[in-house]
Amino acid sequence: MPIMQIKEVHITPVAVPDPPLLNAAGLHAPYALRLIVEIVSDDGISGWGEIPGSEATRAALETAAEHLAGMDPWALNAIEATLEALAKPDARGATPWDQRTWVHVRSAIEVACYDLMGKSVGRPVVDLLGGAVRDRVPFAAYLFYKYGGAGGEFGFGRDESAVGWQAARQAEALDPAGIVAQARAMVDHYGFQSIKLKGGAFEAQQEVDAILALREAFGPDVPLRLDPNAIWRLDTAIAAGKQLDGVLEYYEDPVRGQDNMATVARALSIPLATNMCTTSFDDLPGSVAHQSEAIILSDHHFWGGFRASLELARFCAVFGRGLSMHSNSHLGISLAAMAHLAAAVPNLTYDCDTHYPWQDGHDLLVEPLTFEAGSVEVPSAPGLGIEVDRDKLARLHAQYLACGLTERNDEIEMQKLQPGWTFQATRW
Ligand code: GKR
Ligand code: MG
C-alpha cells in the first residue's frame with residue numbers, strides 16, 4: 001500500500017448554543033466553543049477531530065498544522081514527536097503551550113488521524129484500538145442546576161419526540177423538584193440508566209437533598225453520582241458524604257487535591273471519583289501514594305488522545321482503579337470518538353458522562369448519533385463512522401464569529417447576572 005500523506009489541515013472554531021447551566025466556576029455562556037479539525041490526505045480522504053475551543057488552542061493547532069503536511073497519518077509516534085518538539089520549553093524554560101493546550105492539540109490530531117486510518121483500510125476506529133468489547137456504549141444523564149432558557153436558536157427541528165426534553169432544557173432548575181423534573185425528561189427522552197448531578201452551585205445540603213429526591217423518584221436501581229467540582233471544605237464533604245452513603249454510585253471530586261480527596265475517602269465508604277485531582281500521567285504517582293480516588297474519569301480530549309487513554313486504562317487495571325469517562329459540552333465528532341474509545345476498553349465499566357443532550361439538535365453531523373436506552377451504538381462504518389455536514393459546520397462557525405466569545409469563562413458569565421461574583425476554590 002502506498003504511504004498516505006497529510007496534505008492539508010483545516011481548523012474551524014465553532015460556537016454551539018448552550019443553556020445557562022450552573023457549576024462551581026459560575027455559569028455557562030450562551031455558546032460552548034469547540035474546535036473542529038479536518039486532516040485531508042493526499043488521496044482526498046478527510047479525518048475529523050473535535051476538542052474544547054479557545055483562541056490559544058486554535059493558535060497552537062495552526063502552528064502544529066504547519067508541521068504536519070507531508071507526514072504519514074499512520075506514523076503517530078513521529079507525529080507525537082513533532083508536536084513534542086513544538087511544545088518544548090525554550091532557553092528560559094518557558095513552554096509555548098500549557099499542559100491543557102498540549103493534550104488538546106495532541107488529541108485532536110490523533111483522533112483525526114485515526115479517522116483517516118480507519119477510512120483508508122475500511123475499518124472502524126474501534127478495530128484499530130484493539131476491537132470492540134461492547135457494541136453499545138451506555139451514557140449517564142448529566143443534570144445541571146440551571147436558569148431558564150435553552151441557549152441560542154436553531155434547535156431540534158421537527159423531532160416531535162423531543163418536546164418534553166425541549167421544555168425541560170428550557171426550564172429553570174434550582175431546587176430538588178426542578179432537578180427531578182429535569183432528570184425525568186432527560187431519562188424519558190434518552191433512556192439513560194444512571195444519573196449524574198453537577199453540584200457545586202448551591203450550598204451542600206440543597207444538593208444532597210436533590211440527590212435524595214432523585215433516589216426517591218428513581219429508586220435504588222438507578223446509579224446516582226454527585227460532582228461538586230471540588231468546592232467543598234473537608235468537613236462539608238464528609239458530612240454530605242455520610243448522608244449519601246449507600247445512595248451514591250460514586251462521589252466525584254467533593255474536595256480539591258489528592259491529599260484532601262484521600263482524607264474524605266478514608267472517612268467514607270462511598271467510592272470517590274475524579275477528573276480534577278488525577279488528570280494527567282504526572283499525577284499518577286501522587287494518586288498511588290495518596291490513594292486519592294477509587295475511580296478515574298478518562299477523557300481522550302484531556303489525556304491526549306486514544307492511545308493515552310488506553311495507557312490510563314492499563315494503569316487503572318494495574319492499580320485497582322475503576323474507570324469512567326468525563327465530558328464537556330460537545331458535538332457528534334467527540335461523541336463518536338468517545339463511543340469508539342469506550343467500546344475498546346474492557347475495564348471502562350461505568351456509564352460515561354455526556355453533555356450531548358444540552359447540545360442536541362445543534363450537531364454538525366449529517367446523521368447525528370442517537371441514544372437508545374441511554375446507549376450509543378458504536379458506528380461500524382470506516383473511521384469514526386460519521387459524516388460532517390459542511391453547511392452545518394459553516395453555520396456553527398458563523399455563530400462563532402458573531403458571538404464574540406474566544407474562550408470559556410464561567411466566572412465572567414456569572415458576573416453578568418451577579419455583579420461582583422467571584423470564583424472561590426473552596427466555597428462551602
Ligand atoms: O460543563 O459545567 C460543566 C462541567 O462542570 C464541566 O466543566 C466539568 O469539566 O463535566 C465536568 C466535570 O467536572 O465532570
Ligand atoms: Mg467532574
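The second largest cavity in this predicted model has a volume of about 30 Å³. A cavity is a set of points, on a 1 Å grid over the protein atoms alone, where a 1.4 Å probe fits but cannot get out. A volume is the space filled by probe spheres set on the points, with grid points joined across faces, edges and corners. The model is predicted, so local features need pLDDT of at least 70 and side-chain atom pairs count only at pLDDT 80 or more, while totals for chains, interfaces and linings use all residues. Residues are numbered from 1 along each chain as its sequence is written, chains are lettered from A and ligands numbered from 1 in the order in which they are written, and side-chain values use heavy atoms, leaving out hydrogens and water.

**Cavities**

- Rolling a probe the size of a water molecule over the atoms shows where empty space is left.
- A search of the whole structure finds two cavities of 30 Å³ or more.
- The second largest cavity is lined by Arg34, Pro52, Asp299, His301, Phe302, Ser327 and Asn328; lining residues have an atom within 4 Å of a point.
- Its lining has two nonpolar, three polar and two charged residues. Here Ala, Val, Leu, Ile, Met, Phe, Trp, Tyr, Cys and Pro count as nonpolar, Asp, Glu, Lys and Arg as charged, and the others, Gly among them, as polar.
- The largest cavity holds about 50 Å³ of space, and its lining is made of Leu76, Ile79, Glu80, Leu83, Arg106, Ile109, Glu110 and Arg307.
- Helix H2 (76–87) and helix H3 (99–121) are the elements that give two or more residues to the lining of the largest cavity. H2 gives the most, with four residues. Helices (H or I, at least four residues) and strands (E, at least two) are DSSP runs, numbered from the N terminus.
- The lining of the largest cavity divides into four nonpolar, no polar and four charged residues.

**Largest pocket**

- About 1300 Å³ of space lies in the largest pocket. A pocket is an open set of points with protein on both sides within 12 Å along at least five of seven lines.
- The pocket is lined by 48 residues, of which Arg100, Phe302, His326, Asn328 and Arg408 lie nearest its centre.
- Elements that give two or more residues to this lining are S4, helix H1 (55–68), H3, strand S7 (141–144), helix H11 (300–303) and helix H16 (410–417).
- H3 provides the largest share of the lining of the largest pocket, five residues.
- By class, the lining of the largest pocket has 16 nonpolar, 19 polar and 13 charged residues.

- Strand S4 (residues 31–41) is largely enclosed by the rest of the structure, because 10 of its 11 residues are buried. Buried means under 20% relative accessible area, exposed over 50%, and partly exposed in between (1.4 Å probe, protein chains only).
- Strand S1 (residues 6–17) runs antiparallel to S4, and 11 bridges join them. Two strands pair if DSSP finds at least two bridges between them.
- Pro17 has Tyr31 in S4 as its bridge partner.
- S4 and strand S5 (residues 46–52) are also antiparallel, joined by seven bridges, and Leu35 stands opposite Ile51 in S5.
- A hairpin is formed by S4 and S5 with four residues between them, and Gly44 in the turn has a positive phi of about 80°.

- Four bridges join strand S8 (residues 195–198) to S9, and the two run parallel. Lys196 stands opposite Arg225 in S9.
- In a regular strand the side chains alternate between the two faces of the sheet.
- From S9, Leu224 and Leu226 point one way and Arg225 and Asp227 the other way, and all are buried.
- Asp227 (OD), Glu252 (OE) and Asn275 (OD1) coordinate the magnesium ion (ligand 2) at 2.0 to 2.2 Å. Donors are N, O and S atoms within 2.8 Å of the metal (3.2 Å for Na, K and Ca); water is not among the atoms, so sites may look incomplete.
- Asp227 lies in strand S9 (residues 224–227) and Glu252 in strand S10 (residues 248–252), so the pair ties together parts that are 25 residues apart in sequence.
- Asp227 is buried at 0% relative accessibility, and Glu252 is buried at 0% as well.

**Cysteines**

- The count of disulfides is zero, a disulfide being a pair of cysteine sulfur atoms within 2.5 Å.
- For Cys316, the nearest cysteine sulfur is that of Cys277, 12 Å away. Cys316 is buried, at 1% relative accessibility.
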